[in-house]
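Please walk me through this structure, step by step.

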Amino acid sequence: MPFINRLKQIETKLHSKSPIVLSNCRVFFDFDNTMTTSDVLDDVIQRFSINDKWIALEKAWHEEKIGTKECLEGQLRGIRITKNALHNFLKKVELDPHFHRLLTLLVREGIKPVILSDNFTYIIEWILAYHGIKDLKVYGNTLRFYSERIIPSFPYDNPFCPSCAHCKKIHLTKDKTENKIIVYVGDGRSDICPARVSDVVFAKDKLLHFMMKEELPCIAYKDLGDVHHYFQDLLTHSSNKH
Ligand SMILES: [Mg+2]
């Protein structure tokens with residue numbers, strides 16, 4: 001479906017709110033496999049684990065026998081890594097090739113996108129800084145280095161919902177009171193809850209599969225070039241209305 005028709009559908013759905021204009025949106029991004037072309041944390045675990053225990057944990061997580069926090073805690077116990085080795089590894093991470101121009105468009109319109117991730121804030125901020133991106137608000141899990149170990153902690157854990165280590169929904173519902181249009185861009189399991197409470201959802205991979213299965217409205221995207229295209233359409237649509 002063309003973006004503009006999808007936009008009209010969303011405006012109808014949001015009939016109690018103002019028409020969608022970009023400046024009235026709050027935009028949230030997942031990080032791994034959304035802003036990057038790979039799952040960074042999975043790759044770190046695979047590369048720096050000293051044994052294969054992480055594989056059984058990953059399998060149990062996929063089968064939903066354990067939650068993300070339990071899975072991550074177990075997997076990080078098996079990692080041995082120095083700060084330098086981590087930094088060298090993170091240098092190879094690729095951002096989505098369209099991310100810079102998407103960010104430029106959003107900032108030009110006065111929007112400060114927020115990153116919500118089940119990865120670690122330290123890792124995300126390091127990658128962004130390496131690519132010259134500053135001042136993006138990042139909410140994620142936290143870590144500290146101890147000897148060659150990574151010790152995680154989970155400041156946004158929801159004890160009533162073990163599914164994710166970081167309950168991303170918390171950050172979105174705060175904004176619901178401001179009469180803003182909540183836009184969410186994601187791909188994975190930890191994006192399902194925030195997607196359910198967002199007004200406009202861009203989905204790919206696991207998230208798209210879930211949204212389609214549950215017959216929830218979303219816009220399928222392949223990469224951030226599609227999201228950029230949508231926002232560009234939104235700008236044109238808004239200026240034609242005036
Ligand atoms: Mg992801």
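**A guided walk through the fold**

Of the chain's 242 residues, 32% count as buried. The model is a predicted one. The chain holds eleven helices and seven strands. Contacts between residues 24 or more positions apart make up 59% of the chain's contacts with a separation of 6 or more.

Start with the sheet. Strands of a sheet pair through backbone hydrogen bonds, either parallel or antiparallel. Here, seven strands form an open sheet in the order 4-3-2-1-5-6-7, and the pairing is mixed. Strand 4 (149–153) and strand 7 stand at the edges. Each has a single partner strand, so one side of each is left without a neighbour in the sheet.

Now move to strand 5, which covers residues 181–186. How many of its six residues are buried? The count is six of six, so strand 5 is mostly covered by the burial cut-off of 20 or more other C-beta atoms within 10 Å. Both of its faces are covered. On one side lie Ile181, Val183 and Val185, and on the other Ile182, Tyr184 and Gly186, all of them buried.

With strand 1, the pairing is parallel and runs over five bridges. Two of the residue pairs can be picked out. Valine 27 has valine 183 in strand 5 as its bridge partner. Phenylalanine 28 has tyrosine 184 in strand 5 as its bridge partner. With strand 6 (residues 200–203), strand 5 also pairs in the parallel sense, over four bridges. There, glycine 186 has alanine 203 in strand 6 as its bridge partner.

The nonpolar core comes next. The largest one has 53 residues. Val183, Val201, Phe202 and Ala203 have the most contacts inside it. Strand 5 gives the most to this core, with five residues. Take phenylalanine 202 as an example. Leaving aside neighbours within four places in sequence, phenylalanine 202 is in contact with Val185, Cys218, Ile219, Tyr221 and Val227.

Go across the sheet to strand 2 (residues 114–120), where isoleucine 115 is found. Is isoleucine 115 buried or exposed? Isoleucine 115 has 20 other C-beta atoms within 10 Å, so it counts as buried. Apart from residues up to four places away in sequence, isoleucine 115 touches Phe29, Phe31, Ile124, Leu136, Lys137, Val138 and Tyr139. Tyrosine 139 is 24 residues from isoleucine 115 along the chain, yet their C-alpha atoms are separated by 6.1 Å.

Leucine 143 lies in strand 3 (residues 137–146). With 19 other C-beta atoms within 10 Å, leucine 143 is partly exposed. Not counting residues up to four places away in sequence, leucine 143 touches Phe120, Tyr122, Ile150, Ile151 and Pro152. Leucine 143 and phenylalanine 120 are 23 residues apart along the chain, and their C-alpha atoms are separated by 6.7 Å.

Turn now to a pair of helices. Helix 3 (residues 53–62) packs with helix 4 (residues 68–77) at an angle of about 175°. Their axes are 9 Å apart. How do the two helices run relative to each other, roughly parallel or roughly antiparallel? Angles over 145 degrees count as roughly antiparallel, so helix 3 and helix 4 are roughly antiparallel to each other. Helix 3 brings Lys53, Trp54, Leu57, Glu58, Ala60 and Trp61 to the contact. Helix 4 meets them with Thr68, Cys71, Gly74 and Gln75. By type, the residues of this contact divide into five nonpolar, three polar and two charged.

Finish with two loop residues. Asparagine 33 is not a glycine, although its phi is positive, at about 65°. Asparagine 33 sits in the loop between strand 1 (25–29) and helix 2 (40–48). It has 21 C-beta neighbours inside 10 Å, so asparagine 33 counts as buried.

Glutamate 215 is not a glycine either, and its phi is positive, at about 55°. Glutamate 215 is in the loop between helix 10 (205–213) and strand 7 (219–220). Is glutamate 215 buried or exposed? Glutamate 215 has 6 C-beta neighbours inside 10 Å, so it counts as exposed.

Terms used. Residues numbered from 1 in each chain as written. Predicted model: local features only at pLDDT ≥ 70, side-chain atom pairs only at ≥ 80, totals over all residues. Axes fitted to C-alpha atoms, helices over the stretch in contact; angles between N-to-C directions. Parallel < 35°, antiparallel > 145°, perpendicular 65-115°, else oblique. Contact = placed C-beta atoms within 7 Å. Nonpolar A, V, L, I, M, F, W, Y, C, P; charged D, E, K, R; others polar. Buried ≥ 20, exposed ≤ 12 C-beta atoms within 10 Å, placed from the backbone. Pairing = 2+ DSSP bridges. Core = buried A, V, L, I, M, F, W, Y, C linked by C-beta atoms within 7 Å.
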